[in-house]
Amino acid sequence: MPLPIGAEESAAPPAGALRAWADCTRDLMLLADAEGRLGWCNPAFERLLARPIGSLLGQPLATLLPLTAAHQPRWQAACEQLARGEAFDEVEVELEAPGETAGGTSTWLRIASHRLAVSAADPDARWLCLMTDVSEARRLDRAAVKLGEMLSLGRSFGRLGAWERDLRTGAGRWDPQVFRLYGFDPAHGVPTLDQAVSRIHPEEQAQFRYGLLNALPGRYDRRYRLMHPDGSIRWLHSQWEVRAAPDGTPERAFGILLDDTAAYELAQALGSISAQLKLAIELGNIAIWRHDLQTNRIACNERAHRVVGLPEGTSSISLAEFRARVHPEDLVHQAAAAGLALVSEQPTDIEIRFKGTDGR
């Protein structure tokens with residue numbers, strides 16, 4: 001819509017309070033004639049180009065901004081519209097040189113045009129262009145895209161889920177992974193808080209105190225088990241944050257779930273294997289020793305203590321003490337086997353005699 005101004009004002013910069021605002025604002029402002037040539041600009045525009053206004057007046061708008069090659073055609077087309085007497089839709093362009101934004105990122109400008117004329121049919125209409133620095137918004141957009149990509153990648157592995165819940169209304173939002181981890185059908189909608197907590201293992205429900213934790217704003221971290229209707233169990237690591245409303249009361253909770261089931265099952269399997277190995281060693285009467293090459297000390301299991309003849313309560317002995325218990329005639333063979341073990345990844349096999357505590 002045209003913005004009517006007096007004919008004598010259309011060729012001059014704003015005056016009074018409007019001029020003071022134009023001088024102080026961080027937004028870039030300029031006036032162009034009907035042919036798209038610069039007639040006035042505010043100090044913010046001068047600072048952007050680092051050139052005095054005297055060297056800018058009369059130049060075509062299309063040549064003023066140092067834009068990247070990809071954005072030159074976009075600004076050129078907008079300026080051509082002004083020359084035809086048409087306002088252009090809002091455009092965003094990127095300057096070629098790094099601007100003053102945080103981190104030295106490029107400067108992005110959002111530009112809007114407004115027709116200044118005494119009437120809609122005024123052939124000598126002028127244009128007011130307002131340019132807003134949207135570099136920070138662009139940076140945040142890029143950061144959001146990266147975070148979204150990382151979250152999508154995490155979700156694609158099937159171990160990560162995201163959720164949120166309105167603590168006042170109880171309404172929630174779960175992504176597909178959370179439905180899968182809890183064992184609920186997405187077709188039935190997000191379960192209530194009580195329904196979700198009912199899937200937590202009975203031994204942990206009392207400790208979890210979900211409602212109590214959400215009564216205070218802050219960050220929370222819990223590990224717990226979920227029981228599915230089919231009897232299967234999943235181990236979850238939950239991290240969430242409670243945000244407060246302006247009045248300080250809890251308003252919203254949001255967080256992520258990490259499926260730790262595979263890690264817990266592996267740990268249990270390793271524990272079972274370790275227990276079986278320990279039983280086999282005890283039943284097989286096997287002596288085990290371990291040589292720490294940095295300290296040159298040797299640690300033994302209970303059976304090895306008896307074989308080597310170590311006193312009870314001895315956790316380890318030095319290599320010299322260990323060799324002192326080898327029969328003198330076997331020392332050369334023992335040293336050769338140890339040397340071979342250090343330069344090879346193959347097992348070594350040797351028979352040697354030790355002097356027991358009873359002297360045999």
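How far apart are the end C-alpha atoms of helix α10 (residues 261-283), and what should its 23 residues span at 1.5 Å a residue? This is a predicted model, and in it the end C-alpha atoms of α10 are 33 Å apart, which agrees with the 33 Å that 23 residues should span at 1.5 Å a residue.

**Helix α10 and the residue after it**
- Helix α10 covers residues 261-283, and it is followed by N285, a residue whose phi is positive, near 55°.

**The β8–β9 hairpin**
- Strand β8 (residues 218-227) and strand β9 (residues 233-244) run antiparallel and are joined by 10 bridges.
- The two strands, β8 and β9, form a hairpin with 5 residues between them, and in that turn G231 has a positive phi of about 90°.
- Within this pairing, Y224 stands opposite L236, which belongs to β9.
- As a general point, side chains in a regular strand alternate between the two faces of the sheet.

**Salt bridges**
- R225 and E204 form a salt bridge in which the closest N and O atoms are 2.7 Å apart. This pair links distant parts of the chain, since R225 lies in strand β8 while E204 lies in helix α8 (residues 202-208), 21 residues apart. Both R225 and E204 are buried.
- R37 and E35 meet through their side chains in a salt bridge, with an N to O distance of 2.1 Å. R37 counts as partly exposed because its relative accessibility is 33%, whereas E35, at 52%, counts as exposed.
- R173 forms a salt bridge with E164, and the closest N and O atoms of this pair are 3.0 Å apart. R173 has a relative accessible area of 42% and is therefore partly exposed; E164, with a relative accessible area of 24%, is partly exposed as well.

**Cysteines**
- How many disulfides does a search of the whole structure find? The search finds 0 disulfides.
- C41 has a relative accessibility of 3% and so counts as buried, and C300, with a relative accessible area of 15%, is buried too. Both values fall under the 20% cut-off that defines a buried residue.

- L293, L340, L342 and V343 make a nonpolar surface patch of about 450 Å².
- One of these patch residues, L342, has its place in helix α13 (residues 331-342). Is L342 buried or exposed? At 60% relative accessibility, L342 counts as exposed, because this value is over the 50% cut-off for that class.

**The segment after α13**
- G359 is found in the segment after α13, and G359 counts as partly exposed because its relative accessibility is 46%.
- G359 and G309 are 50 residues apart along the chain, and their C-alpha atoms are separated by 9.1 Å.

Methods:
Residues are numbered from 1 along each chain as its sequence is written. This is a predicted model: local features need pLDDT of at least 70, side-chain atom pairs count only at pLDDT 80 or more; totals for chains, interfaces and linings use all residues. Side-chain values use heavy atoms; hydrogens and water are left out. A disulfide is a pair of cysteine sulfur atoms within 2.5 Å. Buried means under 20% relative accessible area, exposed over 50%, partly exposed in between (1.4 Å probe, protein chains only). Patches are made of residues with over 30% relative accessible area and no salt bridge: like charges are joined within 9 Å, nonpolar side chains (Val, Leu, Ile, Met, Phe, Trp, Tyr) within 5 Å. Accessible areas come from the Shrake-Rupley method with a 1.4 Å probe; for residues, only the protein chains shown count as cover. A salt bridge is a side-chain nitrogen of Lys or Arg within 4 Å of a carboxyl oxygen of Asp or Glu. Helices (H or I, at least four residues) and strands (E, at least two) are DSSP runs, numbered from the N terminus. The expected span of a helix is 1.5 Å times one less than its number of residues. Two strands pair if DSSP finds at least two bridges between them.
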